[in-house]
Amino acid sequence: MRKNSIKNTRINGEVQRELSNIIRELKDPRIGIMTTVTAVEVAPDLKTCKAYISVLGDEQAKADTMAGLKSAAGFIRRELARTVNLRNTPEIRFIMDESIEYGMKMSKLIDDLKKEDEE
């Protein structure tokens, strides 16, 4: 199976949807309320998975959320195996995704420049 095949794209979408549901139901107080799974990349052999996580908050909230997710990785993998029917349940690596915050920062800078030009 190639990395960009239709099957792999469907698996990525399904795993992303289920990971979002599982993370939303976790009761760990370290995991922030505004935690989002922005993307998932499942390896073609279904052994590993990169989950890109976005957290709205300061650096401490991000660090706490990542620590909470890493400690709950076994539980999350077991729940994923229960809800998604795959030959192998991938081992999940959580990666912080800064792209949304970067986009918001750039948008604010552009708006500030527009405001200066109008004045």
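This report covers the nonpolar core, salt bridges, pockets and selected residues of a predicted model.

## Basis

In this predicted model, local features need pLDDT of at least 70 and side-chain atom pairs count only at pLDDT 80 or more, while totals for chains, interfaces and linings use all residues. Residues are numbered from 1 along each chain as its sequence is written, and side-chain values use heavy atoms, with hydrogens and water left out.

Helices (DSSP runs of H or I, at least four residues) and strands (DSSP runs of E, at least two) are numbered from the N terminus.

## Nonpolar core

A nonpolar core is a set of buried Ala, Val, Leu, Ile, Met, Phe, Trp, Tyr and Cys residues joined through side-chain atoms within 4.5 Å. Buried means under 20% relative accessible area, exposed means over 50%, and partly exposed lies in between (1.4 Å probe, protein chains only). The largest such core holds 24 residues. Val15, Leu19, Ile23, Ile53, Leu69, Ile76 and Phe94 have the most contacts inside it. Two or more core residues come from each of α1 (6-25), β1 (35-42), β2 (48-55), α2 (59-71), α3 (73-83) and β3 (91-96). Helix α1 gives the largest share, five residues.

Which residues does Leu69 touch, not counting those up to four places away in sequence? They are Ile23, Leu26, Ile31, Ile53, Ile76 and Phe94. Contact here means heavy atoms within 4.5 Å.

## Salt bridges within helices

A salt bridge puts a side-chain nitrogen of Lys or Arg within 4 Å of a carboxyl oxygen of Asp or Glu. The count comes to seven. One of them joins the side chains of Glu14 and Arg17, at 2.7 Å from N to O. Both residues lie in helix α1, three residues apart, about one turn of the helix. Glu14 counts as partly exposed because its relative accessibility is 29%. Arg17, at 48%, is also partly exposed.

Helix α4 (residues 99-118) holds both Asp112 and Lys108, four residues apart, again about one turn of the helix. Their salt bridge has its closest N and O atoms 3.2 Å apart. Asp112 is partly exposed at 30% relative accessibility. Lys108 is exposed, with a relative accessible area of 52%.

Lys62 sits in helix α2. Is Lys62 buried or exposed? Its relative accessibility is 4%, so Lys62 counts as buried. Leaving aside neighbours within four places in sequence, Lys62 is in contact with Val55, Gly57, Met96, Glu98 and Glu101.

Lys62 also forms a salt bridge with Glu59, the closest N and O atoms being 3.7 Å apart. The two residues share helix α2 and are three residues apart, about one turn of the helix. Glu59 is exposed, with a relative accessible area of 59%. A network of salt bridges links Glu59, Lys62, Glu98 and Glu101.

## Pockets

Pockets were found on a 1 Å grid over the protein atoms alone. A pocket is an open set of points where a 1.4 Å probe fits, with protein on both sides within 12 Å along at least five of seven lines; lining residues have an atom within 4 Å of a point. Grid points are joined across faces, edges and corners, and a volume is the space filled by probe spheres set on the points. The largest pocket has about 220 Å³ of space. Of its 14 lining residues, Glu41, Val42, Ala43, Thr48 and Lys50 are the closest to its centre. Elements α1, β1, β2 and β3 each give two or more residues to this lining. By class, the lining has four nonpolar, five polar and five charged residues. Ala, Val, Leu, Ile, Met, Phe, Trp, Tyr, Cys and Pro count as nonpolar, Asp, Glu, Lys and Arg as charged, and the others, Gly among them, as polar.

The second largest pocket has a volume of about 190 Å³. Its lining includes Ser20, Ile23, Arg24, Leu26, Asp28 and Ile31. Both α1 and β1 supply at least two lining residues each. The classes here are five nonpolar, four polar and two charged. Ile23 lines this pocket and is among the residues with the most contacts inside the largest core.

## Helix α4

Glu118 is found in helix α4. Glu118 is exposed, with a relative accessible area of 68%. The C-alpha atoms of Glu118 and Ser99 are separated by 29 Å. Along the chain, these two residues are 19 residues apart.
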